[in-house]
Amino acid sequence: MRRQKKNAFWIALAAPGIIWLIVLFIVPFYAVLAIAMGKLDQLFESPVAVWNPFAWSSENLIDVWRDLFGSAAFAGPILLRTVVYVAIASLLSLAIGYPAAYFVARFAGRRKGLFLVLMVAPFWISYMMRMLAWVDLLQTDGYANKALSWFGISAVNWLGGKPVTVILGLVYGYIPYLILVLYAGLDRIDPALIEAGRDLGLGRVRTFMRITLPLSRQPILTGLLITVLPMLGDYYTNNLLSGAASTSMIGNLIQGQLGTPGLEGQGAVLSMLLLLVLLIPMIYYVIATNRSSQAAS
Amino acid sequence: MTAPTAPAETPAAQPAAAPTARTRRGFRRNPWRHPWFLEGFTWLYLIWSLVPILIAVLFSFNKGKSQATWQGFSLRWYYKDPVNSVLHDPQLHAAVIQTVRLSVLTTVIAVPLGVAFALGINRWRGYTASTFNFVMILSFVIPELIFGVAMFFVFTVLFTSVHLGTTAEVLGLVTWNVSWPAIIVQARLVTLGRQYEEAAADLGANRWQAMRRVMLPLLGPAIFASAVLVFSGVIDDFVIVDLLSSNASNTPMSVIIYSTQHGGNGGPALNALGTISLVMSFIIAIIGYLGYRWLTRGERGSGIEALTTIAGSEG
């Protein structure tokens, strides 16, 4: 009796949040599913949601399958390109971010605060402002080309659909998140472990390889996830820095279908498929962060 | 929220090898020498990450129409130009107001919702509680586009009485941001343990009094940090508001910058808009940092910890 009363208090506290999540998180995903498995209103070219799972149609699924793997597939290359761009961009972010985070966590000494402020600053600058900065620099008469002209290199049309520009934009956009995760992970490594490695005669490189690197595996993985997940849903970076069909990614495809009458059902299918693929890494992330927060407390 | 670990070793303070043995090779062998290469690399990264933004801010003060060539200083794009300045262009003007409106509304709704959720879920042990906690964390990591698509469809197909616009934007943003307070407050609850609550109960407080007089003050820093994160998160948000806005009166700054530049009508007025949003975020960050330091003034904790907390790391 008392136990029940005790629980009722906590249930009442959690209830508004739970109801909110049901109505505005779980139901919306069922709506996407109902549209993905729904039909098309031929007259208005608007999607018709089918709420009853027994009446689901595979119309949209077949269309998407044809786009992805059929004879005139245009979405297949987009998918492949997305994987390549995101892989390059996230590994590049790691290659740049790890040394910087490592330096700040281990060697910054009394200037740690200064380095951290500068490192965290992009986190507080709106993403669009940061992209706008590159749009300015990379214009044909912009500073990037002016700098190149000193070396006798003629002007490059950076914003005219260059894969390099898109990858640069992705790295620039998401690296602050990665660095922050890496820093937090590296900062937590007990310096005594590293000193022990030194005392036992390991050189700097081998101490790093044997101690620091294995201990930073977890932050590397979660940091990569935190950059890869949003990159896969990114369409704005690409649109601002290239806008060409030759560099478009899965995010561009979904966003484009969302605004096109008749294609919205396929957009729903694609976003559901993307969710399905990402569910495993997402669950891994949830479990990993749970474990580390329990270990920390 | 880990206890601050010992500060990193200060290489400079370490005695170097005996001066006579300080040949160049000896220097290289010294395991405590300062890693100049790494430091240089870090500085290069910081320059690459911050100088473009400084240049973009600079161009908001450009006299001419170019975003690429400096033509002299003016405040034309902020308020002097009677047509195209942020103050006088109705669209840009409305965008600033809409961003502030969305940030305030979202913070006011999401923070109490998330804090109550965290308290309830943390103490109510059971299958239902852990399931919804999982859903909450899932909403934290799901790519924003996938979430935005779901929001777009639910408001255009199911809850059609909620038209695209401010209401839809706020509902979407609250759902997207409610995980900040929910996660950060739970992390704080775990570190606090139950002893404070039990002590309050032993001293005769009922549950509601224990919550209001003991737990809420102890959770103050976490609640404050999450409010700062939600507020600045909304200023920065793009995907959800892009998909859920319907016309110029409910389009915030991020979307205006994107759509105008993407539409080929860019100009320094957009840089001015971006600079305004940057200043807004920095003000929030400074308030957040000072406020967090003040709220945790009795505790063992460093400025560095406050800095990473209000940036959302290790909440």
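Helix 12 of chain B, residues 253-262, is mostly covered, with seven of its ten residues buried. By buried I mean that 20 or more other C-beta atoms, placed from the backbone, lie within 10 Å of the residue's own. Helices here are DSSP runs of H or I of at least four residues, numbered from the N terminus. This is a predicted model, in which local features need pLDDT of at least 70 and side-chain atom pairs count only at pLDDT 80 or more, while totals for chains, interfaces and linings use all residues. Residues are numbered from 1 along each chain as its sequence is written, and chains are lettered from A in the order in which they are written.

The buried residues of helix 12 of chain B are Met253(B), Ser254(B), Val255(B), Ile256(B), Ile257(B), Tyr258(B) and Gln261(B). Their packing partners in chain B are helix 4 (90-123), helix 10 (207-236), helix 11 (239-244) and helix 13 (268-295). From chain A, helix 5 (127-137) and helix 11 (236-241) also pack against these buried residues. Just after helix 12 of chain B comes Gly264(B), with a positive phi of about 85 degrees.

Let me turn to the interface. In total, 93 residues of chain A are in contact with 91 residues of chain B, contact being C-beta atoms, placed from the backbone, within 7 Å. Helix 1 of chain A, residues 2-36, supplies the largest share of chain A's side, 20 residues. That side comprises 68 nonpolar, 15 polar and ten charged residues. In this classification Ala, Val, Leu, Ile, Met, Phe, Trp, Tyr, Cys and Pro are nonpolar, Asp, Glu, Lys and Arg are charged, and the others, Gly among them, are polar.

Within chain A, which residues make the contact between helix 5 and helix 7? The axes of helix 5 and helix 7 (residues 163-187) of chain A come within 10 Å and cross at roughly 145 degrees; axes are lines fitted to C-alpha atoms over the stretch in contact, and angles run from 0 to 180 degrees between N-to-C directions. Helix 5 of chain A contributes Tyr127(A), Arg130(A), Met131(A) and Trp134(A), and helix 7 of chain A contributes Gly169(A), Tyr172(A) and Gly173(A). By class, these are four nonpolar, two polar and one charged.

Finally, Gly223(A) sits in helix 10 of chain A, residues 217-232. Why is Gly223(A) counted as buried? Gly223(A) is buried because 27 other C-beta atoms lie within 10 Å. Beyond its neighbours within four places in sequence, Gly223(A) is in contact with Leu178(A), Val181(A) and Leu182(A).

Conventions. Two residues are in contact if their C-beta atoms, placed from the backbone, lie within 7 Å. Helices (H or I, at least four residues) and strands (E, at least two) are DSSP runs, numbered from the N terminus. A residue is buried if 20 or more other C-beta atoms lie within 10 Å of its own, exposed if 12 or fewer, and partly exposed in between; C-beta atoms are placed from the backbone.
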